[in-house]
Amino acid sequence: MFMRKLPVWIWISVFTFVGLLILVVINIVAVMNKPDDKTQILQALEEMRVASVEGRAGGVLQYISDSIELPVEPEDQWYGRSPKGQIARFLRQAQIRSVEINDTKVELYGELAQVTCSVRGELSYPAFGDIPVAFERVVIEFRRESSRRLLVVPDYTWRVIRVQPLSMPKMDGMPMMIR
């Protein structure tokens, strides 16, 4: 009898409050059940591998292509284009058949982490066919970034901040173009 006499706006307010409380509790539980930092970093690395295979942005090969260093002076050019740009474009335009990340070692330094691994892939390029590529030592640096779920619940994710410069990869069956 008492329940029927309450105005509708009170019922709406109570249901809204209970619904928001349930959402906050669900997000708190989700954040508390996240795996440890090392596991999160390994999951981020796997997401990068999958992004490379699927041709999406943020893939491990995209980061690698941006970090290649060549033993060539900046004024040395290949037909008016920089060698680094040529190699980066080659890696990005190739169809990626597979990418494997092996020998993974994660080192945590508070809010920063460093992953050392080897990356092997098989690229397909119309002019050259299938080309195996291997980067024996890739060092990827991560930073833990904080965010908030529902503007209330603190949450942390690991993001790539840099891939240390790499030298030319081993590319079996590919003529080396560096003098």
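Contact here means heavy atoms within 4.5 Å, and the model shown in these views is a predicted one.

**View A. Helix α2 meets helix α3 through residues on both helices.** From α2, the residues M48, R49 and S52 take part, and they meet V60, L61 and Y63 of α3.

**View B. K34 and D155 are joined by a salt bridge between their side chains.** The distance from N to O in this pair is 2.8 Å. Because K34 lies in the loop between α1 and α2, whereas D155 belongs to strand β4 (residues 153-163), the pair ties together parts that are 121 residues apart in sequence. The count of salt bridges comes to ten.

**View C. A nonpolar patch lies on the surface.** The patch is formed by V14, F17, V18, L21, I22, V25, I26 and V29, which together have about 710 Å² of accessible area. One of these residues, I26, has its place in helix α1 (residues 8-32).

Conventions: Residues are numbered from 1 along each chain as its sequence is written. This is a predicted model: local features need pLDDT of at least 70, side-chain atom pairs count only at pLDDT 80 or more; totals for chains, interfaces and linings use all residues. Side-chain values use heavy atoms; hydrogens and water are left out. Patches are made of residues with over 30% relative accessible area and no salt bridge: like charges are joined within 9 Å, nonpolar side chains (Val, Leu, Ile, Met, Phe, Trp, Tyr) within 5 Å. Accessible areas come from the Shrake-Rupley method with a 1.4 Å probe; for residues, only the protein chains shown count as cover. A salt bridge is a side-chain nitrogen of Lys or Arg within 4 Å of a carboxyl oxygen of Asp or Glu. Helices (H or I, at least four residues) and strands (E, at least two) are DSSP runs, numbered from the N terminus.
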